Amino acid sequence: MTAEQTNDEFPLKMGSPEEFERLESLFRSSGFDEQTVCRALKISDLSRLGETKLDESDPSTDLPGRVKLLIRLFLLMEAIGREEAGQYLDEASLDLLLGLDVLRVVRADGGEAYFATVLISPVAGLLIASDRYKNVDGSPFIPPADVVFPPIFLGTLRFLKNLRLSPVRDALDLCSGSGVAALVLSRHAERVVASDITARATHFAEFNRRLNRCLNVEVVRSDLYSAMKGRTFDYIVSHPPYMPSLSNTFIYRDGGATGEELVKAVVEGVPEFLRPGGTFYCVSAGWDTTEGPFESRLRGWLSDHGSEFDIIFALFRDILPEKLANDLAERAGPLDPSESPQWIALFRKNGMRRLVYGAMTIHRRAGREEGGEAGPPALTQHLRLGALTDGSCFEWMLGWQRWRARKEAGGELASAIAGLRPRLGNSLQVKVTYTIQQGTLVASEVILETERPFQAATRIDLWAMPVTSNFDGGKTVAEVFENARAASMLPEDIDLNDFSHLVANMIERGYLELDRAPFG
């Protein structure tokens, strides 16, 4: 079985606007969307694509034949016989797919069949072409060094989930790959630049830009910021390669010996290319070292401009150097007994204590704060990504922390909190531990947990839970306090100032929520 070749260096051809409109219409009119695909394959999200196959005999997935065909071709990477394909795709549609080189012909003893040259994923309401992940004939798949990574893997989906989607004028997506983040941002920005170092990535990103008709996106081939001289942006995002590697075999994955080479270069360029009031966002890995935690080292990479930026790093997972060394040695092939110690020696030489992976937001302050004040010191915060964390959570936390710091500096925090009307957080969970005391079950511990805005867990005093349950969004903090005092629900030494600070911490962690933030 052999595939017909074209003279193009990469798959995909740039057709006319009319052809791209027809291609988009073909997929969308067939019902080729994320919800339908997941239902057909019985998966929770597209990151589980490789774990399943389409059972066309299952009545619970009774979908039109054409969408099943598209799933098999462009997601499951199956070869489809000419006769079967012709049952669901007319000649004009087949000619369109062949002409744009998303489909090619494979010859076999039994005749001819069609196979997709690329993966096409329905992600974030878009149709995104990327490189295949397996060969049509089942032979071992060896990706090219400049492979364009599919956007359906967990890391990319996490990156997209935590994008900030507030309106901006100019946005830049560095290491853009397929261009998926730039295309998502195009719905919220006046202008977006999608930049990648490889010709293959820019080719795919341009195809995806045209397919999704994102006219305000500019696709640029650039070594990080090299083509951006003289330009600045309100929002810069990046999902750079971050895996430690001595060979840098795969451009999409390998980030130098410690993995920080590219993310460091990206962060170092932020002061030059991010406007005052702008935000940088990145999903990456980095190291806690003997010099300090990763988020503190980020500030050092901002050089003399470090005091201009607030930094939040939200951890998703971490790994110790010894475990990472073993993983890297296994990834390289048959385990070489000498390779793992070599990695460990490298990590120790560089003072690496643990590799941390998560999402970072670096916000550049717009200038002097309200009233001409210099404002509070720059924020550096370490949090944990929750299952419900998204881009708005980073934005909210930055605004909350700046507001809280101003109020505390002016001695106004307690009075400001006292006038708020919080309610119980939607993701709040309360875990109560009971112990037996004198033959009776008695509550001995109460822990509040939440996954939004970030993952948090806090043990509270037993008296605090029944009081906290009175926050319903209608009563102010001062009113809840006075009612609790009148009902003898509070310890004698707790005053309104103490209570307000307690509530402030609960709001910050997401145990309590506000319908409207107290900051602009």
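Author: What follows goes from the whole chain to its sheets, then to a hairpin and the cysteines. This is a predicted model, in which local features need pLDDT of at least 70 and side-chain atom pairs count only at pLDDT 80 or more, while totals for chains, interfaces and linings use all residues. Residues are numbered from 1 along each chain as its sequence is written, and side-chain values use heavy atoms, with hydrogens and water left out.

The protein chain contains 18 helices and 19 strands, these being DSSP runs numbered from the N terminus (helices H or I, at least four residues; strands E, at least two). Its C-alpha trace spans about 85 × 55 × 55 Å along the principal axes. Of the 520 residues in the protein chain, 51% are buried, where buried means under 20% relative accessible area, exposed means over 50%, and partly exposed lies in between (1.4 Å probe, protein chains only).

Strand β17 (residues 440–450) is joined to β16 by nine bridges, running antiparallel, and K431 has I447 in β17 as its bridge partner.

Y434 lies in strand β16, and together with V430, V432, I436 and L441 it makes a nonpolar surface patch of about 500 Å², to which β16 gives the largest share, four residues. Patch residues have over 30% relative accessible area and no salt bridge, with like charges joined within 9 Å and nonpolar side chains (Val, Leu, Ile, Met, Phe, Trp, Tyr) within 5 Å. The areas come from the Shrake-Rupley method with a 1.4 Å probe, and for residues only the protein chains shown count as cover; a salt bridge is a side-chain nitrogen of Lys or Arg within 4 Å of a carboxyl oxygen of Asp or Glu.

Another open sheet has eight strands in the order β9-β8-β7-β10-β11-β13-β12-β14, and its pairing is mixed. Here β9 (217–221) and β14 (380–384) are the edge strands, each with a single partner strand, so one side of each is left without a neighbour in the sheet. The twist averages 20° from one strand to the next. Within this order, β10 (residues 233–238) and β11 (residues 274–289) pair in the parallel sense over five bridges, and S238 stands opposite C282 in β11.

Strand β5 (residues 119–123) is joined to β6 by five bridges, and the two run antiparallel, with V123 opposite L126 in β6. Two residues lie between the strands of this hairpin, in which A124 takes a positive phi near 55°. Five of the five residues of β6 (residues 126–130) are buried, so this strand is largely enclosed by the rest of the structure. In a regular strand the side chains alternate between the two faces of the sheet. In β6, L126, I128 and S130 point one way and L127 and A129 the other, and all are buried.

As for the cysteines, the structure holds zero disulfides, a disulfide being a pair of cysteine sulfur atoms within 2.5 Å. For C214, which is in no disulfide, the nearest cysteine sulfur is that of C175, 20 Å away. C214 counts as buried because its relative accessibility is 8%, and C38 counts as buried at 9%.

Key
Two strands pair if DSSP finds at least two bridges between them. Axes are lines fitted to C-alpha atoms, for helices over the stretch in contact, and angles run from 0 to 180 degrees between N-to-C directions.
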